[in-house]
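Hi,

Here is the structure I promised to pass on. Have a look at it first, and then read my notes below.

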Amino acid sequence: MTQAGKVVLVTGVSRDLGRRFARSLADDPAVTSVIGVDVAPPEGDLGAVSFVRADLRNPVVAKLLVRERVDTVVHMSVVATPGGMGSRASMKEANVIGTMQLLGACQRAPDVRRVVVKSTTTVYGASHRDPSMFSEEMGPKVMPRSGYSRDALEIEGYVRGFARRRPDVSVAMLRAANVIGPGVDSPIAQYFRLPVVPTVLGFDPRLQFVHEFDLTGALRHAVLTDVAGTFNLAGDGVLLLSQAIRRLGRAGLPVPSFALAAVGSAMRGVGRSEFARDLVDFLTYGRGVDTTRLREEFGYTPRYSTQQAFCDFASSVDMPPGVPGRAVAEPLLARLEQALTPVPASAVPATAGGELDG
């Protein structure tokens with residue numbers, strides 16, 4: 001049931017998706033005010049959104065919830081790669097500890113009645129043991145040891161604990177598939193913008209996406225309703241990686257799985273850490289989720305299917321001018337081949353004490 005006069009706090013507004021969502025929410029007549037929080041100011045216009053620069057681990061957030069009498073919190077500040085944070089440890093602290101502190105602040109805030117968390121289908125992992133479609137009751141077949149998926153699993157555990165401690169607060173978690181669209185700048189979007197798209201040799205995974213419009217629409221629906229629970233969010237259908245590459249007019253470049261991150265990161269001109277293990281697993285095994293509960297219980301039907309979402313994204317991708325993509329990749333492949341070539345035993349120098357033991 002829609003309620004009027006909501007006061008909403010949105011985290012993660014320095015990134016474009018968070019900023020655009022907060023701005024669109026501020027224009028909704030059912031919302032009185034929107035407060036955006038992040039460690040850095042957004043680059044674009046926030047419109048009617050009030051911005052507060054703060055780290056979620058800072059006590060100022062708890063004071064803000066009480067002072068502004070916030071009744072709805074939307075948590076969008078969990079990041080998939082270290083980026084400007086500099087290290088995986090810093091990323092984990094911001095993701096997990098930041099969420100713990102935010103939930104602790106919500107637990108003490110008397111006016112909070114609704115918490116919405118943007119989670120990710122990455123919590124299901126990606127492995128050769130996966131089912132064709134994950135439903136919300138399922139867990140990963142292979143537990144992640146680190147990275148974004150591990151952070152997301154821990155965060156979901158803390159969210160469920162918060163829901164038990166504050167049964168008067170309705171909590172919704174949206175497990176979003178990889179978000180795609182013309183305005184998205186994410187690891188998967190950067191991957192598909194490479195001049196040549198490296199793939200894992202021998203694999204053609206099934207991929208599922210959610211359009212940026214549907215992410216915003218589902219989050220808005222979550223804010224304006226009281227439906228609680230965990231819901232998969234993705235466009236209908238799947239798309240094979242080979243089909244996606246053809247629709248982009250790109251060339252695929254099959255490489256061994258252990259070389260995918262190195263080749264992809266080198267072509268992007270970034271460090272290896274930016275091409276995360278979660279992404280490599282996804283591009284090897286793929287992932288599909290069932291969205292029946294989203295439509296029937298949560299009450300939201302995505303406008304874009306997976307294929308339509310990717311086509312809209314593809315319409316914004318241009319082939320880089322100048323040298324063809326394969327020419328960009330050839331020097332990288334030559335270095336890779338050289339690194340993998342075994343060194344002949346005759347070329348190994350003897351030790352100072354004489355010949356090597358046989």
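Let me start with a pair of charged side chains: Arg19 and Asp16 form a salt bridge, with their closest N and O atoms 2.5 Å apart (a salt bridge being a side-chain nitrogen of Lys or Arg within 4 Å of a carboxyl oxygen of Asp or Glu). Both sit in helix α1 (residues 16-26), 3 residues apart, which is about one turn of the helix. Arg19 is buried at 13% relative accessible area, while Asp16 is partly exposed at 31%. Here buried means under 20% relative accessible area, exposed over 50%, and partly exposed in between, with a 1.4 Å probe and protein chains only.

Before going on, a word on the source: this is a predicted model, where local features need pLDDT of at least 70 and side-chain atom pairs count only at pLDDT 80 or more, while totals for chains, interfaces and linings use all residues. Residues are numbered from 1 along each chain as its sequence is written, and side-chain values use heavy atoms, with hydrogens and water left out.

Back to the charges. The structure holds 19 salt bridges. Another one joins Glu154 and Arg150 (3.4 Å, N to O), and these two lie 4 residues apart in helix α4 (residues 147-165). Glu154 is partly exposed at 22%, and so is Arg150 at 29%. In helix α10 (residues 292-298), Glu297 and Arg293 are also 4 residues apart, and their side chains meet in a salt bridge at 3.9 Å, N to O. Shared partners also link Asp16, Arg19, Arg20 and Glu212 into one network of salt bridges.

Now the overall picture. The protein has 12 helices and 13 strands, taken as DSSP runs numbered from the N terminus (helices H or I, at least four residues; strands E, at least two). Of its 358 residues, 51% count as buried.

What about the inside? The largest nonpolar core has 65 residues, and Val10, Val34, Val74, Ile188, Tyr191, Phe192 and Phe310 touch the most other members. Helix α6 (residues 212-224) gives the most to this core, with 6 residues. A second, separate core of 31 residues includes Val73, Ala105, Ile155 and Val171. By core I mean buried Ala, Val, Leu, Ile, Met, Phe, Trp, Tyr and Cys residues joined through side-chain atoms within 4.5 Å.

Finally, the cysteines: a search of the whole structure finds 0 disulfides (pairs of cysteine sulfur atoms within 2.5 Å). Cys106 is buried at 0% relative accessibility, whereas Cys311 is partly exposed at 36%.

Cheers
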